Amino acid sequence: MPDSHSWAHIDVEALRHNLERARISAPGRRVCAVIKANAYGHGVHTVAKALQPVLHGNDLFAVATLHEALTLRHTASTEAILVMRGPLTLEELTLLVQGGFHWVLHSRYQAELLKNWLKSLAGAVSPTLNIWLKINTGMNRLGLPAEELHDIWRWLQSLKLPGERVLMSHFATADEPEHVLAHQQQTAFAELINSLPDAEHCSRSLSASAGIVSWPQAHHDIVRPGIMLYGASPMADTDGSYYQLKPVMSLKSRLLTINHVKAGDTVGYGATYHCDQDTPIGVIGIGYGDGYPRHAPSGTPVLIYAHGEVWEAPLAGRVSMDMLTVDLRGIPASPGDEVLLWGQSWGSELPADRIARYAGTIAYELFCQVTSRVRFIV
Ligand SMILES: Cc1ncc(COP(=O)(O)O)c(C=O)c1O
């Protein structure tokens, strides 16, 4: 069937390899594989299915929302699923508990919801509560402040209801090893947990990918790898290959045509690319309507496979909705040739991390923004 000439190949072997890298970095820890936002744009069912065989008995999947969890449940019927946003309404709370999900309790508001819900049960049943109590240690996004933590912890413990309790927090700057906040958060996490009565037997979880590769002292009991599973680097200014990660998504398209632009002419919207000599300009069938970042400037590389060799060509002019243009000087390319926007192919790699740096963003965002016009191939 004809398609839009752009496709994303998802390499499930690379995904499993990357999970193994997380295990090697954090040996013996339980893994909570983060597959929210459609598995960072890779396709949640594909990713969950690929990871299932390499998850251990008490590992989990994590998503952000209850909606994501309910969708995932069809694929992952046996694995535990953590809902990191927790409930916002009584209805959501009921579905979380009845669905057997693990969920994050990060606010007094949610504790009140739980209190009311338990009251409505009037002790008729003893629900299993798999609650991850999220502590604010400096991120100041979701998490209980120190002054509320004790009350809520004591109350939760007093319920004596079955289920797992995990104490968790989240780093704000783990990707910048020099930043003082990552040290302060670790200290705060330890101090707050140590101040809680009877917390010794409770599992702890602090590290996402950056903590896994860079902060061994912060691995605790459960690690929560996200971006590293998809092969991109969790650390600022490095590529995934530095941590022996392999790209999972390879975004590809084709050369549509080659224009011979005259010296003195310009290319594309805004006429931002000036040809100071006669220049072959390749037009590639992918644009921001497919999720390629519009902010990628001239000079951002693509790889082209032409005449049995791999060539790097720089973007020339603005990315448009359905197309982008590249400078083909010295490259013997023809219409129909394959182009790699990020990922790996033909024995070469073009890291999404590198493209993200050109576009002033992070690989997370590049992956999440690939649109449904792109065909996914596993
Ligand atoms: C609470 C929490 N844990 C883990 C992760 C995974 O992070 P990363 O993709 O950097 O590994 C996220 C991602 O945003 C998160 O919010």
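Reading the ligand shell, the domains and the core

A: In this predicted model, the ligand is surrounded by Val34, Met84, His170, Ala208, Ser209, Ala210, Arg224, Pro225, Gly226, Ile227, Met228 and Pro234.

Q: How many residues of each class, nonpolar, polar and charged, make up the shell around the ligand?

A: Sorted by class, the shell around the ligand consists of 8 nonpolar residues, 3 polar residues and 1 charged residue.

Q: Which domains does the domain assignment give for the chain, and how many residues does each of them bring to the contact?

A: The assignment gives domain 1 (12-231) and domain 2 (249-377), whose C-alpha centres lie 38 Å apart. The contact takes 7 residues from domain 1 and 8 residues from domain 2, and on the side of domain 1 that touches domain 2 there are 4 nonpolar and 3 polar residues, with no charged ones.

Q: What tends to happen to nonpolar side chains in soluble globular proteins, and which members of the largest nonpolar core touch the most other members?

A: As a general idea, nonpolar side chains in soluble globular proteins tend to be buried together. In this structure the largest nonpolar core has 111 residues, of which Ala33, Phe61, Ile81, Val83 and Val302 touch the most other members. Helix α3 (residues 44-51) supplies the largest share of this core, 5 residues.

Q: Which residues does Val302 touch?

A: Leaving aside residues up to four places away in sequence, Val302 touches Ile284, Ala313, Leu315, Val326, Val339, Leu340 and Leu341.

Definitions and conventions:
Residues are numbered from 1 along each chain as its sequence is written. This is a predicted model: local features need pLDDT of at least 70, side-chain atom pairs count only at pLDDT 80 or more; totals for chains, interfaces and linings use all residues. A nonpolar core is a set of buried Ala, Val, Leu, Ile, Met, Phe, Trp, Tyr and Cys residues joined through C-beta atoms within 7 Å. A residue is buried if 20 or more other C-beta atoms lie within 10 Å of its own, exposed if 12 or fewer, and partly exposed in between; C-beta atoms are placed from the backbone. Helices (H or I, at least four residues) and strands (E, at least two) are DSSP runs, numbered from the N terminus. Two residues are in contact if their C-beta atoms, placed from the backbone, lie within 7 Å. A residue is near a molecule or strand if its C-beta atom, placed from the backbone, lies within 6 Å of it. Ala, Val, Leu, Ile, Met, Phe, Trp, Tyr, Cys and Pro count as nonpolar, Asp, Glu, Lys and Arg as charged, and the others, Gly among them, as polar. Domain bounds come from an automatic or database domain assignment.
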